[in-house]
Amino acid sequence: MRSACKANLPALIFLLALVMLWQVGAMGMNAAYILPTPVQIFQRMWELRGPLFTVHLPATMGVTAIGLVLSLVLGLALAVGMDASDMVRKMLYPVVVVSQTIPTTAIAPLFVLWFGYGIWSKVLVTVLITFFPITITVYDGLRSAKTEMAELLQTYGATRREIFWKIKAPCALPYFFSAIKMAVPMSIIGAAIGEWLGAQSGLGYFSRRMMTQLDGAGVFAPIVLLSAVAMVAVGIVALLERKFVRWRGESS
Amino acid sequence: MSALEFRSVSYQYPSEDFDIVDKLSFQVEPGSFHCILGVSGCGKSTIFRMTNGLLPPKGGEILVDGAPIQGRKRYCGYMPQKDLLFPWRTVGENVALPLEIAGGLSKGQRRKKVEAALADVGLEGCCDKLPGELSGGMRQRAAFARTMLTGSDLLLLDEPFSALDFLTRISMQEWLLDQWQRHKKTILFITHDVEEAVFLSSSVLVVESTPIRALTEVPVPAGFPRDRSCLKDPSLVELKEQLIALLRKQVSL
């Protein structure tokens with residue numbers, strides 16, 4: 001833990017310098033409705049702590065969690081399917097790639113139209129941008145398993161299923177964690193975009209409402225909160241990764 | 001009854017327009033140690049990959065202990081050139097793989113067998129280490145212990161020492177002969193190293209040309225147990241030169 005702090009020290013100092021520059025610049029500009037200072041943002045966050053933490057944060061986290069779980073299920077299923085069968089891969093891979101060329105912000109209003117202002121339109125936006133990195137990364141992980149290893153197990157009389165669990169799954173595990181580390185921030189972004197475009201609660205929605213009131217600090221407060229949550233979540237995943245992955249990319 | 005018999009076996013790779021193994025017949029008696037000697041790319045590994053069932057022969061019949069191999073499992077132990085220890089498993093878990101797949105043993109029973117097998121190859125106390133912590137020679141010995149635990153009497157070793165440095169390699173050769181004499185297995189050993197083939201085999205099976213139509217059996221005039229001093233024997237020196245001359249004809253630069 002201590003060495004981790006030491007390793008991040010240059011980044012922290014740089015970040016602190018940037019924030020101080022921002023503080024000084026914003027104070028000089030003196031237009032809080034456009035560019036609030038960091039201090040003003042934290043003050044506003046404290047004033048708004050009631051609705052922020054009890055209503056809007058839980059709403060966004062709900063959408064993020066449901067979206068992330070659905071993306072994981074979908075992404076893993078696609079990756080395993082494409083790895084297991086050439087036919088499935090030829091059928092799905094191009095479609096999966098094409099799905100990413102859809103501009104999310106443009107299609108999200110359609111989702112609102114179709115699924116209403118409830119959580120499912122937001123969940124759909126989240127899944128649309130999150131399942132892709134999971135699918136591709138885990139698929140690459142499954143592919144990284146060496147055929148020689150599979151052949152060795154075959155000479156021991158192993159079935160396809162045994163080969164999957166004893167070789168493919170462990171090979172894909174480090175890739176899986178990389179995928180989650182990418183997917184967590186993206187799912188939060190997805191949820192926020194969805195809420196921004198049409199919702200009744202959530203940090204994205206809240207940020208937008210503050211904008212209509214020309215409350216600069218109020219726009220920033222939920223954004224800072226979202227970033228903090230994403231960083232904590234990625235940190236937790238990294239800890240889990242260190243517990244479960246004993247090796248990474250050893251060539252033998 | 002032979003430990004392994006090929007009856008006019010052929011094999012053709014889909015990308016080639018000739019049979020790389022062409023109506024090959026040979027047999028190996030139980031308890032013997034033969035090296036299959038040939039230049040790189042001559043198709044000697046293809047013989048192994050058909051024997052262990054990874055490649056289906058185009059024609060002919062392969063018998064192990066007198067019975068055809070079709071539909072059989074675990075009749076031979078195969079050890080490829082790379083040790084292929086899984087880096088995410090401990091050494092003990094790696095060695096336990098054949099037992100896990102064969103099934104029928106509890107975790108405790110497996111652990112006992114694995115520890116015995118590791119002790120047998122001189123790797124006591126390495127059970128819970130990761131493969132990355134072992135040296136090249138130790139990794140090959142762990143891979144050999146894993147091959148032994150397939151429980152088969154026929155072992156197919158495909159250039160297992162070729163990636164090791166010279167000094168480790170000659171120690172491993174002596175070590176392997178010792179293992180063979182103690183466990184009474186039938187060993188087929190692929191190599192392109194003439195000295196290795198002469199030192200290890202009771203007789204060398206030479207691949208004289210590709211496609212492989214026959215293996216020329218060349219007996220080695222030395223008994224067992226042997227050590228490296230026998231390589232200085234004039235008859236063995238002459239044999240080595242003979243084999244080198246035979247193989248050089250096939251090398252084109």
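Start by selecting chain B: among its contacts between residues at least 6 apart in sequence, 71% join residues at least 24 apart. Here, two residues are in contact if their C-beta atoms, placed from the backbone, lie within 7 Å.

Before you click on, know that this is a predicted model, where local features need pLDDT of at least 70, side-chain atom pairs count only at pLDDT 80 or more, and totals for chains, interfaces and linings use all residues. Residues are numbered from 1 along each chain as its sequence is written, while chains are lettered from A and ligands numbered from 1 in the order in which they are written.

**Chain B as a whole**

Switch to cartoon view and you'll find 8 helices and 10 strands in chain B. (Helices, H or I with at least four residues, and strands, E with at least two, are DSSP runs numbered from the N terminus.) Of the 253 residues of chain B, 39% are buried; that label needs 20 or more other C-beta atoms, placed from the backbone, within 10 Å of a residue's own.

**The sheet**

Now colour the strands. Six of them make an open sheet with mixed pairing, in the order β6-β7-β8-β3-β9-β10 of chain B. Two strands pair if DSSP finds at least two bridges between them. At the edges of the sheet you'll see β6 (76-79) and β10 (215-219) of chain B, each with a single partner strand, so one side of each has no neighbour in the sheet.

**Zoom in on β3**

Select residues 33-37 of chain B, which are strand β3. Is this strand enclosed or open? 5 of the 5 residues of β3(B) are buried, so the rest of the structure largely encloses it. B:Phe33, B:Cys35 and B:Leu37 are on one side, with B:His34 and B:Ile36 on the other. In a regular strand the side chains alternate between the two faces of the sheet.

Next, show the partners. β8 (residues 186-191) of chain B runs parallel to β3(B), with 5 bridges, and B:Leu37 has B:Thr191 as its bridge partner there. β9 (residues 203-207) of chain B is also parallel to β3(B), joined by 4 bridges. Look for B:Cys35 opposite B:Val204 and B:Ile36 opposite B:Leu205.

**Over to chain A**

Finally, select α10 (residues 203-212) and α11 (residues 216-244) of chain A: these helices pack at about 160 degrees, with axes 7 Å apart. (Axes are lines fitted to C-alpha atoms over the stretch in contact, and angles run from 0 to 180 degrees between N-to-C directions.) That makes α10(A) roughly antiparallel to α11(A), a label for angles over 145 degrees. Residues that meet here include A:Phe206 and A:Met210 from α10(A), and A:Val219 and A:Ile223 from α11(A).

Notes:
A residue is buried if 20 or more other C-beta atoms lie within 10 Å of its own, exposed if 12 or fewer, and partly exposed in between; C-beta atoms are placed from the backbone. Angles under 35 degrees count as roughly parallel, over 145 as roughly antiparallel, 65 to 115 as roughly perpendicular and the rest as oblique.
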